[in-house]
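What can be said about a sheet, the helices beside it and a single side chain?

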Amino acid sequence: MADFTVDATANRKKRSSNFSDVEKAAIREGFVGCGDLLGKKIANKVGGNTKVQQDNAWMKITQAVNAVGRAFRTVDEVKEKHRKMVSCAKAVVAKENANARQTGGGKPMPIPDDTTLAIIQDMKGTPAFSGIPGSSASESAIATACPEATGTAPSEHANSMDLDLSATESDSTKPGQAQPVKSTHSGPSYPDIATAASGELEAKWKWSILKDTWTDCHMFNFPSRSIHGKMRKLSSSWLTDHPWLRYSISTDALFCAPCFVFGRKDAKEKTFISTPVKDWSNLAKYVKRHELAESNHHNVTAMAEHFLDIQSGKMEPITSSVSDSHRRLVEQNRHILRKIIEVIVLCGKQNIAIRGNTEERSNFLAILHSKAADDPILAQHLNVPENRRATYTSPDIQNELICLCAEQIQIEIVQACNDAVCFALIADESTDKSTKEQVSVCLRFVQRGSGSQQFRVREDFLGFVQASRTTGEVLAELLLTSLENHGIEVDKMRSQAYDGAANMSGKHRGVQARIRQRVPSALYVHCRAHCLNLAVMHSSKDPCIRSVMTTVQEVGFAFDYSAKRLNFFVDELAADQDAQEKLKKRTKLRTLCETRWTSRADALSTFKSAYSVVVHALEQLQEDGDDKAGQHLASIMKFDFIIGLVVAEHVMQSTVPLSYLLQAVDCDLLEATRESQTLIRQFQNERADPNVWEALFQSAKDIAAEFEIEPSMPRLAQRQRNRANPPANDPQQYWQRALYFPFLDHLCQELSDRLIVAEERFRAQYLIPSKLNLCTDGMVDLIFAGYSVDLPQGNQSFHNEVRRWKARWQLMDENDKPSTLCETVASTNPDLYKGVYTVLTILLTMPASSATAERSFSVMRRVKTYLRSTMRTERMTGLALMHVYRDVNIDIDQVVSKFAGIAVNRQDEPQKDPFNLLGFDALTGSPSRTWSMFEVACSSGEADLDDIEGTETKVDIREDTKDMPFCDMFANSCTKEPSSTGKRKAGPNVEFKTKSKIIHHYELCDISSNVLNRKPRTLKEVQTTYYVEATAAKKSEKKFFDAATTVLTLLSEKYL
């Protein structure tokens, strides 16, 4: 620490080597005036004053001495003179003691000077004098020789001194044998330090060892034993004079409490730590060596003070003692991060592209700057250059925040799924815009609310998973791993729904077969919506229907992808009021799509409604020289096209309600099967009803009559292989037999084969109250056999429960009984009818289609467009979840807290924030371990390390800066001195002036009672971050970077 000086030193005389009596008196009076502050060594105090306060006191004493003396004295000279004065007083007392022992009283000692007598009187009874053997007798002798100095009268027993020697002899005990004595006191109040475990010590035990003192140790009879041929025992004065000593009864030895608790166990000097002192004859030598200035004892004692202050509440732990300024910084950063997350959530929910061609022109920063117009904190943050601090707007940070927002949604879905009785897995695969195979993972389960009547069927999108290959083995492992990673209880899976692709539905090597090897009760359900689409596709392979579909597709493409043709179509549509009403404000033809289930009906209906507009537009285009228009016009101006269009449109429109029903979330397999049977029955009834066909044929004749097209039929032949050739008397009968009947028959057969599938679990439908009359005992046995895995109560108990279930509904009116599976589950009490509820819930959980996965692919194509094709799967999943669940409120504060936890534990990426060089976490307010190492190193006022080649830097933290933010205090108080060559050397290595050991940082967790998980920075990380950040920093900040990097580098080299 720098010397304290006074002004006007040039007017002083040349320094004198001797102090005058007036100066010595000023030193003595100043020391007495400071009282307890300078009464003891700081190394001997566990909970006393700081070194900075003592330095200030010595500075005041030095000023007082310089005020009365003629020569200028420094603080070090005054300290040294006081030490010599005290030593002189001690020598007088010790000499009198020796004289009294040799002569039995001896001749009178020379009368010391007044200052020495005053010091003896002042320090009588203090630890500094209590350790001198015979000190009380010496004071009596001095009082006898000079009563006016001590203020006491001579005593007639002045020479009868009861000496308390540090080692006593006993002739009654044999050498080498300890003297058995009966103690008048039970022992010290603190625990036996020798019995402490070698591992981690508890804070309560440390507190007792460091804080508790043995006040009545003089009443304890210490055991005697032979040491170097003489019987010796410990004197209680050693424990009184050196409060850091702790006596162990079990080993009859002395330990140093601070060094034992906080010292390094592998230190070179092991005395008083792992090697207790038992040699009472050399105890003085051991104590003197332990208290040397270069000993680590002083640093460890400071750590003990720090620990006791924290435990007693006088001082906050390091993790919470960050200054108020830094706490405000934490709140400010969390406020900024909340605004950033709000923008990300807004963009995600509204599907707004976050990034742009450049980061500066991105929608994200544009919205953020718009919010900053009314937020000065955010505006100040965004205006700071990026090379000076972290802005939390980089794509990597965006990805982390997007994933955290998505994680909130996923956690709620997973918790609800695990709380349900069972769940079904819905999955599908598709290729994204960057030609990567993406697998959509969805879940279906029944969620029951707080009340017995509250429940709903949920189908939730969980996320996308990128697949390296599309084989059944790879996809099955991918799906199971994804479910486990999200925390789903896979053993609760009772169904799985996919499309009919071979890699998904294969009986032996498909995904469903491999998953059933893991969960045998997870039955496979072929998506009923896909089945309906396949039925329509296969039935449309009739030559006439296929020709109609092809023509409609070609004409639709011709108008859709040509602006010239579309303009002609729009002009003709504007002139036809009837067509406008039929098209319902549509201005374009619809095209067919094999994977869009209702597109066929829409395309045929639109074309039929706009038939006249299409014909007139093609005629205008033909006159304008469009050759393709003439070909299209010739294709549609035939009666076989018109009758095929009318029949196909009518049949396809009948399938649309069923298609919408199968895509509904609350649709179950029973309802899907029932409605499929209804559609088949409708087609059979229409086939048998001649009025339906007459109406269809008349509609075709009306359309043809507008353009003078006569109803006709192909020429009949004796032998025909390429087209239908049924016998007929007129065109109406021909097209009924050649087109209408075959199309309906084929479609009904396809629907029956694909949609009306008998499942073993369907027997549970007889538990629905409206069908209980069909639920016989034999049927109950079959139901139990199909669900035995989930009915642990046994067959007989299930029969009894079903009987009670029947009795319940017999008491109700027929009109009040539930008739559907959803209504039945909603009205079932799971506590009273656990088996019935489980069976019906499993049946309800089985999905009717995989439409939820198909809808997720629609979201994927909206999120990952051509301009956003470089997006990774994790980011796409997060944005898709926020877009799908737009109504879900995301807890911004929870996202900030999780992000702060990730930032604290981030191990590998380099720090962007320059203040993180000192381990600041700008979000949580918690310092890292590296920060704690540096703070403890500087806790006593200086951060001094061993000599290392380089420039010289000294850090001095003064008392008047203790309330400043630590990083500012460090920057303001560090000084830089050039090397001998006048140039700053490359690299952060430095040399510190004072050569004291740094406090060992591994004990910090015990001091602060907080285990920090952050990994300290390595030398390479510190150097890299320093050079990147310090280059762009200002001059004032560069000084801070130099000193901070220096300390952290040396700490990394020495202790990591």
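The entries below go from the sheet to its helices and then to one lysine.

**Ground rules.** I am working with a predicted model, in which local features need pLDDT of at least 70 and side-chain atom pairs count only at pLDDT 80 or more, while totals for chains, interfaces and linings use all residues. Residues are numbered from 1 along each chain as its sequence is written, and side-chain values use heavy atoms, with hydrogens and water left out.

**The sheet.** I looked up the strand order and found an open sheet of five strands, S7-S6-S5-S8-S9, with mixed pairing. Its edge strands are S7 (455–466) and S9 (523–526), each of which pairs on one side only. I noted that helices (H or I, at least four residues) and strands (E, at least two) are DSSP runs numbered from the N terminus, and that two strands pair if DSSP finds at least two bridges between them. In general, strands of a sheet pair through backbone hydrogen bonds, either parallel or antiparallel.

**Strand by strand.** I then followed S5, which pairs with S6 in the antiparallel sense over eight bridges, Ala424 standing opposite Arg444 in S6. S5 and S8 run parallel and are joined by four bridges, and here Phe423 stands opposite Met493 of S8. S6 (residues 437–448) runs antiparallel to S7, with 11 bridges between them, and Phe445 has Arg458 in S7 as its bridge partner. In the hairpin of S5 and S6, where five residues lie between the strands, I found Thr435 with a positive phi near 60°.

Is S5 enclosed or open? Eight of its nine residues are buried (under 20% relative accessible area, with exposed meaning over 50% and partly exposed in between, using a 1.4 Å probe and protein chains only), so S5 is largely enclosed by the rest of the structure.

**Helices.** I saw that helix H36 (residues 873–884) lies across S6 and S7, running at about 155° to S7; such angles run from 0 to 180 degrees between N-to-C directions, with axes fitted to C-alpha atoms, for helices over the stretch in contact (heavy atoms within 4.5 Å).

**One lysine.** Where is Lys864 found? It is in the loop between helix H35 (851–863) and H36, and Lys864 is buried, with a relative accessible area of 2%. I traced its side chain to the backbone oxygen of Met871, which it reaches at 3.0 Å. Leaving aside neighbours within four places in sequence, Lys864 is in contact with residues including Asp432, Lys433 and Ser434.

Technical notes:
A polar contact is a pair of N or O atoms within 3.5 Å; within protein, one must be able to donate a hydrogen and the other to accept it, and residues adjacent in sequence count only if both atoms are side-chain atoms.
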